[in-house]
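Please see the briefing below on one protein chain and its fold. It begins with a single position and then turns to the chain as a whole.

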Amino acid sequence: MAGLLTIGKVARDAAVSVDTIRYYERVGLLPKPPRTPSGYRHYPPGVVNRLALIRNAQRFGFPLKAIAGFLRVRESGGKPCHDVRAAAERMLDAVDRQIADLVATRRQMRKTLRSWDAVLAHTPADRPAHLLERLGARRP
């Protein structure tokens with residue numbers, strides 16, 4: 001088992017926790033490594049690159065389940081490139097929708113604040129303006 005890495009060394013080199021490595025094995029992101037007679041895991045050097053790939057894909061926004069699926073296709077001799085590209089496109093579309101929703105929310109919040117400013121300008125200092133109650137109201 002020369003050249004193989006312990007789980008601790010892999011974790012340090014990949015900047016992940018030992019628990020992350022074990023979890024990735026359980027969910028199929030990493031193949032089960034060979035074990036020593038005493039039960040210790042020993043990993044091939046390429047596992048650090050695989051962990052970097054997984055972490056980078058996760059940071060991009062791919063869910064772990066999707067990453068595992070892409071890797072299974074690759075390991076069975078398939079080419080998941082078009083599926084990866086299509087999934088990334090769907091994620092970008094979702095981000096664009098979220099941004100549009102946030103912009104609309106910001107616009108509404110600014111409108112509400114302007115409305116509240118007008119209410120506060122006409123509310124005596126010793127009286128409540130009931131701003132929160134106006135959030136559901138149809139009037140500005």
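Ser-17 sits in the loop that links α1 (7-14) to α2 (18-26); helices (H or I, at least four residues) and strands (E, at least two) are DSSP runs, numbered from the N terminus. This is a predicted model, in which local features need pLDDT of at least 70 and side-chain atom pairs count only at pLDDT 80 or more, while totals for chains, interfaces and linings use all residues. Residues are numbered from 1 along each chain as its sequence is written, and side-chain values use heavy atoms, with hydrogens and water left out.

**Ser-17**
- Ser-17 counts as partly exposed because its relative accessibility is 35% (buried is under 20% relative accessible area, exposed over 50%, partly exposed in between, with a 1.4 Å probe and protein chains only).
- Asn-49 is 32 residues from Ser-17 along the chain, and their C-alpha atoms are separated by 15 Å.

**Fold and overall form**
- Five helices and two strands make up the secondary structure elements of the chain.
- Their order along the sequence is β-α-α-β-α-α-α.
- The radius of gyration is 26 Å, well over the 14 Å that the globule rule gives for 140 residues, so the chain is more spread out than a compact globule (taken over C-alpha atoms; the rule is 2.2 Å times the number of residues to the power 0.38).
- The C-alpha trace spans about 80 × 35 × 20 Å along its principal axes.

**Burial and contacts**
- Buried residues make up 27% of the 140 in the chain.
- Of the contacts (heavy atoms within 4.5 Å) between residues at least 6 apart in sequence, 47% join residues at least 24 apart.
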